[in-house]
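Good morning, and thank you for making the time.

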Amino acid sequence: MEEDTPGPEGPRSIPVLSTGDIEQTVEIIQRLYSAQTSGQPSLADELQRALQGIQSSPQAWGLISGLSTHEDPNLRFFSAHTAQVKISRDWESLPRALQPALLQLLLETLTHAISPARPYSYQPGNSAVVRKIFGSLSSLLLRLPFHLFPSPLLTVLSAISDTATTSSLPPSLPGSGFSTPTTTPGAIGRRMRSYGLEWLGICVEEISRAGISDYKRNALRKHLETDMPIVMETIRGSMNPNSGSDLIPQDNVQEASAACKCAEAWIDYGLGADQLTALLPCLYNLLPLPAASSALVEALSESVFRYGKGTKVLTEPLLEWFIGPGQAYLDNSPDPEELFGLAKLLSALIEHSTEWLVTRIREDHVQRLLSLLLRLTGWDGIAGVEENVSEVTLPIYPLIQEAIMESDVFQAPHEESPYWQVAKQFFTQLVNVTRRKVLWRSMDKEDRETFESWRRDAGEVIVCAYYIRRDEMLGALVQEAIAAVVGPWEELEAILHCIRYSAEGVPLGEDKILPILFGQLVGRIPNEPRLQRTVIATIREFLKCLLRLQLNKPESYEEWFKFHPDYLLPVLSYLVSTLVSARPSSSLSRVSADALSALCDICRTKLVQHIDSFSQLHSKIGDLGGDEQIKVIQGITSVIQALTPRAAVGPVESIISPILDRLAAASDHPSIVKNSAALTACFKGLAPSDDDMFDLESEKSQAEKDRAVLEVQGDMASLRERIETTIAQVVERWDGDAISSLIKHSVMSSSPTLVSLSPLPLLRLVTSAAERSPSGIWFSLASTLVLRLNSPPSPLTMKKDRTAEEEESHRRQEMEQWNVVGDTGSRLVVIAGALISSRESMRDHPDMVETWFKFCSAISTRFPGVLMRLPRDLLQIYVGIGVVGLSAQERFSLKATCDFFISLMASTKYPSPLEESTISLLQHFGSQMLRAILLSAGSEGPRSVIPNLAELLAAFVQRVPGIDVGTWMSEILAEDGFPDPRATDDAKERLKDIVTRSRTTKKMREALNDFALVSRGLANTTYGNATIM
C-alpha cells in the first residue's frame, strides 16, 4: 500500500491502495458477481468473507478512491459501500486530520457518479451507487464535528447542482457497451433535481434511524435549521416542475412523485407547523398521485398536526377535495394504485378527525364524505382478490362507533336525537354493504383463504353496527334470514355471517330474537355444507358470548334454560344430525364435532337429563372420522362428569372399557395413536371444565364433590388398574406425543375424578421407559409427574387433627414419594450424562436439553431435599451438565438451564437446612458457572436470554461470598480476547464493578446488556440500540 509520508500532525491525505491491491479486489468482486459463482453458494460465501476481510483492514479506506471511477457498477458500489461501512464501524481508525479530506473525497466521488460527462453515469446500476454514496455522506454527517461539515444539506445540493454544468457527453464508441442517450439541458436539470431530492430523503431517513442520544439528535436538528429553507424550496419546486419543451408529462409525474416521497420523509422527521402548512397546498394539487396521498397520510398520522389538530389546514381542505374532485375522479374508472392511495388517505383523514366529523355528522358535506367511505368499502370485485380497497376502510368503522358513543351530542335518548337517526342510517347502510360484500363466490383455494380472512375482518365491523342499532339490527337480520331460506343459499349464508359476528354484543337478558334464531331458523337450514358450517359457527359464537357475558351471574344461565327449554335442544339436534350425515373427516364433520364438544362442555349440567340420547350417539361413533370420534367422546364424557359420581360409574366403564380393549390389541402405530387420543379425551371430559363459568362452586360444595368421588373410588379400582396396565403396555411399544398427552392428562385434573391415576406408578414407568429408549418425551413427562406429586393439597388432605393411624399413613406416603423421586432423579441423570453432557451433544439434541432442564427445575423446586441428598457424584453431574447448558446457543435450552439454577438457589437459601451444602456446591463450580454466564451474555448466547442470565447472575452473587466473585471475575475477564476481542478493558472493569457491588436483577441486566453490546460490536449502533433486551 502507498501512503503519503506522515508529517508532525499525521498523514496528509486518505490512504491510496497500490495497483496490485486494487486489481486483487477487482478480481474477487467480479468473480463474486459472475454467472459461474451464482450456482456455487460455498464459493460465494468464501468470496464474501474475503471481501469482508479486505474491508475490515485499516488500509480499506483506500478502496474508496481506488474503485470510485471504475466502469463496472459493482466495483463502484463496493467503493461506496466500503465508505459507509468504515464510517459506521471503523470511524476511530481514521486520524482526525483526515476527516475533512474524507468529506471532500466523498463529494468528488459523488460528482463523478452523477456527472453527465461520464458514460457510466447512465448505467442502470449507477443509481444504486449514488444512493450508497448518499448513505455514506449521511453517516459522515452523524460523526463529523459540525464545524467540519457546515450547511451539510446545502453543501451536497450545491455539489449536485454544479455537476449539471459539466460539458456534454462524447458520443459512444462502437463496441464499448454504452449507449449514450441524447441529453438536453432540461433533462439534465430534471436528473439533478431528482438526485437532490434523493439526497434529502436518504439523509433525513438515516438521521431518523440513527441510534444517537437525544442530546446529539437535538444538536443535529439545530445544525440543519439553516438549511431548511433550501430543503423546502427544493421539494416545492419539484412538486411543480417547469415543463420545458423537452420534458414529457411522465417526467413531470416522476419528479413530482420523488418530491412527495422526500416530503414524506421530512414530515416523519418532524417539520414545523409553518413549514408543513406551506407544503400542504402543493400536495393537495398533486392528488390523486399515490406519492402525494402517502405524504398526506404521514401528515395526518405522524406530523405536528396528528391527533386531530390542524383541522383548518388539513381536515377541511381534504374533505372538500374528496366530496368534489375526489368524487368525480372515482366516477371515471380510477387507476388501481391511485385508488388504493386515496382509500388509505380517506381512512387516515377519518381516523385523524373522527371526533370533528362525528360532532358534525348532520352536516351535508360530512354525510357525503361518509357515503364515499361506504362506497370504497363496497367497491366492485371480490374483496382481497379482485380489489384491495375495501380492506383499508374496515378499521375505521370501530373508531366512528367509539366516537359516537363518547360524543356529547349523542348523549340524548335515541328516539329523540336527530344525531342518532343519522348515525343509525349510516350503520344500516354499512350492514347492507357488508352483507353484499361477504356474499360467497366460487374461487380457488388461495383466493378462498384470502376472502375468508377479509370476511372475518368485515364481521368485526358488524359488531360496531350492532352497538349503534342493537335489537333493531339483529331482529331485521333474523327476519331476513328466515325469508331467505327459500332463496339462493349464498344469500342466507351472508346474512348468517352478519348475525354470527353480531353475537359479541348480545345482551344478557335477550329473550326475543335468539329463540327465533335457534327455535325457528336452525331447523329449516338447507343441506348445503358451506351454509351449515356458517350456522354452526354462529351457534358457537352465541354460546361463547353468553358464556362470557354471564361470567359473574351463574344463576342467569340456569334461568335462561329454565324458561327457554326450546333453545338448547334444537341446537343439539342440529349439531348431531349434521355430524352424523356429513361425510366422515370432512370440514363440515369436523366443525360439527367441535361445536358439539363445546356445547357439551358448556351446558353439561343441563344436558344430563338427556344422557340416554348421548348413549345413542355413542353407538354411532364408529361411523365418524377419527378426529370427530375424539371430539364426541370428550363431549359425552363431559356430560357424564355432571352426573353424581355414583351414577357416573356405569357410563364411564361403558365408554372406557372398549377403548382399553382396542388399545391393548393395537399392533400398529396409527391404531395406538388413535385409541390413545380417545382415552385422553375421556380424561379431559371427566375433568371439571376450566371454562365452566356458569356452575361456579364454593370451596365447600367442591369439597363435597371431591368427597363423593373418593367414596366410589373403590368401585373404580379395577378400571384404574386396567388403565395403568394398558398404558404400561403401550409405553413398551410406542413413545410418541399421543402417549405423552395421555399420561399428562391422566394426572392433570385439578380435583379427583373417577379415573384419576396416581403419579407414582407412572413416574416409575416413565423412568424405565427412558432407560429403555432415551427421549425428551420422558424427561418432559417426568417433570410433569414430579410437579403433580407435590402439588398443593386438596381440602380433604388438609386435615389438621389427624389420628395416629392417619399420621403414620401420611408419613409412609411422603416417604414413598421421596424414595420414588430420588430413584428417578438418580437414574435419569445417568441417562442425561451419557447423552447431553457436552456442547456438541447439546447442539445435536436441543429438544432433549430443554426437557431435561425442565425436569431439573421441577425436582429442585418441589423436592430440593431429595436432589441435594443424592450421592455427591450424581449431584455433580446435575450441576456439570447445567454448566455446559449455559453455553447452549439454542434460546429455549439456555433459558431452561437458567431456570434450573435459579430455582435451585431459591429453594435452598436460608432458612433451608440445605443452604450450606448448596454454597459448598456453588463454590466448587462457581468459577465455571460465572465464566459460562459471561461468555454466553457477551459473545456466544442469544441476546434474547440476557434477562434470564442477569437473573441467574443476581441469584449467584447473592449466594456466593463477594470475595470469591471478585476473584473469579478478575481471573476470567483477564483472559485475552474474553469473551470477544472487541470487549474493551473499560467495559470489563465496569461490568466487574457493578457485579461485585450490586445485588439486584435490574442492575445486572443493565450491566450485562451494556457489556454485550460492546463485546459484540453493537455499541452505539442503530441495531444495537433498537434491540436492547
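Leaving aside its neighbours within four places in sequence, which residues is Asn 948 in contact with? They are Lys 895, Cys 898, Asp 899 and Ile 902, where contact means heavy atoms within 4.5 Å. Asn 948 itself lies in helix H47, residues 946-959. Helices here are DSSP runs of H or I with at least four residues, strands are runs of E with at least two, and both are numbered from the N terminus. Asn 948 counts as buried because its relative accessible area is 14%; the classes are buried under 20%, exposed over 50% and partly exposed in between, with a 1.4 Å probe and protein chains only.

Before I continue, please note that this is a predicted model, in which local features need pLDDT of at least 70 and side-chain atom pairs count only at pLDDT 80 or more, while totals for chains, interfaces and linings use all residues. Residues are numbered from 1 along each chain as its sequence is written, and side-chain values use heavy atoms, with hydrogens and water left out.

Let me turn to the salt bridges. The criterion is a side-chain nitrogen of Lys or Arg within 4 Å of a carboxyl oxygen of Asp or Glu, and by this rule there are 26 salt bridges.

One of them joins Glu 472 to Lys 424, with 3.9 Å between the closest N and O atoms. This pair links distant parts of the chain: Glu 472 belongs to helix H23 (residues 471-484) and Lys 424 to helix H21 (residues 418-437), 48 residues apart. Is Lys 424 buried or exposed? Lys 424 counts as buried, because its relative accessibility is 15%, whereas Glu 472, at 45%, is partly exposed. Beyond four places in sequence, Lys 424 is in contact with His 414, Ile 468, Arg 469 and Glu 472.

A second bridge connects Asp 980 and Arg 982, at 2.9 Å from N to O. Asp 980 is buried at 13% relative accessible area, and Arg 982 is partly exposed at 47%.

Asp 364 counts as exposed at 51% relative accessibility, and Arg 368 as partly exposed at 41%.

Next, the surface. Glu 391, Asp 457, Glu 460 and Glu 504 form a negative surface patch. Patch members have over 30% relative accessible area and no salt bridge, and like charges are joined within 9 Å. Of the four, Glu 504 sits in the loop between helix H24 (489-501) and helix H25 (513-521), and is partly exposed at 36% relative accessibility.

Finally, the overall picture. The protein has 51 helices and zero strands. Of its 1029 residues, 50% count as buried. Among contacts between residues at least 6 apart in sequence, 76% join residues at least 24 apart. The accessible surface, from the Shrake-Rupley method with a 1.4 Å probe, comes to about 46600 Å², of which 51% belongs to carbon and sulfur atoms.

Methods:
Patches are made of residues with over 30% relative accessible area and no salt bridge: like charges are joined within 9 Å, nonpolar side chains (Val, Leu, Ile, Met, Phe, Trp, Tyr) within 5 Å. Lys and Arg count as positive and Asp and Glu as negative; His and the chain ends are not counted. The place of a charge is taken as NZ of Lys, CZ of Arg, CG of Asp or CD of Glu.
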